[in-house]
Amino acid sequence: YTIQDAQYTRISVLSMYKGNRLQFGYEFEGFVGLSDDASNLNDFSILSRILAPISFDYQSKQDLFRFSLARIQNLTFGYGMLLKRYTNTVSYPLKQNAGIIMNLKSDAQNYTLDLFHSSIGQIDGGLMGFYATAQTIPMVPLWVSLGYVTDMNQFSNLSDDIWTNVEKR
């Protein structure tokens, strides 16, 4: 790998349990610099860096409930109009994160709810959203959907100077 103009080699061991409805794994990985000017990429002092290699997936018996804690890859809401192929791993391996995805369905599968949160390390920030779908009239193929996605800390590093010259009344 070439990361920030330095050469690295990656060492990785994936331990995984796969059951009928439960999968759990952790990828132990490290990067070894091949030159003297290579930075240490193995910083495990950040919660998101520790949780990023986790892969936890539970699916109920009839697929009415699903919960995942893992890296988010290719998440799409609203046929790509609301969110398209979203991933929470940017600038790998420097910035990694684990997110939550939850899917709920009714017994008749005429109501669905999909929820996600992009970052366990930023529980009060990050990207989060939901997408709900309901069949309006039974036996008629008419569906109504509602989706919402927000970035809770999108402007957190910017000063709020829009209202500085406005008088309060």
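This report describes the sheet, the nonpolar core and a nonpolar surface patch of a predicted model.

Residues are numbered from 1 along each chain as its sequence is written, and side-chain values use heavy atoms, without hydrogens and water. Local features need pLDDT of at least 70 and side-chain atom pairs pLDDT 80 or more, whereas totals for chains, interfaces and linings use all residues.

The open sheet contains 9 strands, paired antiparallel in the order E1-E2-E3-E4-E5-E8-E9-E10-E11. Strands are DSSP runs of at least two residues, numbered from the N terminus, and two of them pair if DSSP finds at least two bridges between them. Strands E1 and E11 stand at the edges with a single partner strand each, so one side of each lacks a neighbour in the sheet.

| Strand | Residues |
|---|---|
| E1 | 2–3 |
| E2 | 6–18 |
| E3 | 22–33 |
| E4 | 54–59 |
| E11 | 143–151 |

E2 and E3 are joined in the antiparallel sense over 11 bridges, and Tyr17 stands opposite Phe24 in E3. Tyr17, Phe24, Leu22 and Tyr58 make a nonpolar surface patch of about 370 Å² (residues with over 30% relative accessible area and no salt bridge, nonpolar side chains joined within 5 Å; areas by the Shrake-Rupley method with a 1.4 Å probe; a salt bridge being a Lys or Arg side-chain nitrogen within 4 Å of an Asp or Glu carboxyl oxygen). Tyr58 lies in strand E4.

The largest nonpolar core has 8 residues, among them Phe77 and Tyr131 (buried nonpolar residues joined through side-chain atoms within 4.5 Å; buried meaning under 20% relative accessible area). Strands E6, E7 and E10 each supply at least two of its residues.

How values were computed:
Patches are made of residues with over 30% relative accessible area and no salt bridge: like charges are joined within 9 Å, nonpolar side chains (Val, Leu, Ile, Met, Phe, Trp, Tyr) within 5 Å. Helices (H or I, at least four residues) and strands (E, at least two) are DSSP runs, numbered from the N terminus. Buried means under 20% relative accessible area, exposed over 50%, partly exposed in between (1.4 Å probe, protein chains only).
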